[in-house]
Amino acid sequence: MRKNNSIATGRKAETIYTAMKKKCADKAKQRKACAVCHRVRSFEEYMEKNTTSKACYVSVNGITMPILSA
């Protein structure tokens, strides 16, 4: 009985250059997603720290904006 050591691949083998290029593209996407997540978290933390009881929300042309009353 003979052992079958061949590996069937469905695509062409990558070169080091294409593998690095793919990895860099994936890292760039991950960095952008992380930056967006960080901005959202920072904004939420800022809003929690700086809440004022004098703020009310007004809808102008479908956009809700906080207005500080004096």
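The accessible surface of this protein comes to about 7400 Å², and carbon and sulfur atoms hold 60% of that area. Areas follow the Shrake-Rupley method with a 1.4 Å probe, and for residues only the protein chains shown count as cover. The model is predicted: local features need pLDDT of at least 70, side-chain atom pairs count only at pLDDT 80 or more, and totals for chains, interfaces and linings use all residues. Residues are numbered from 1 along each chain as its sequence is written, and side-chain values use heavy atoms, without hydrogens and water.

**Overall build**
- The protein has one helix and two strands (DSSP runs, numbered from the N terminus: helices are H or I with at least four residues, strands E with at least two).
- Along the sequence the pattern reads α-β-β.
- Buried residues make up 0% of the 70 residues (buried is under 20% relative accessible area, exposed over 50%, partly exposed in between, with a 1.4 Å probe and protein chains only).

**The hairpin**
- E1 and E2 run antiparallel, joined by six bridges (strands pair if DSSP finds at least two bridges between them).
- Two residues lie between the strands of this hairpin, where asparagine 61 takes a positive phi near 55°.
- None of the six residues of E2 is buried, so E2 lies largely in the open.

**Isoleucine 63**
- Isoleucine 63 sits in strand E2.
- Its bridge partner is valine 60.
- Isoleucine 63 is exposed, at a relative accessible area of 51%.
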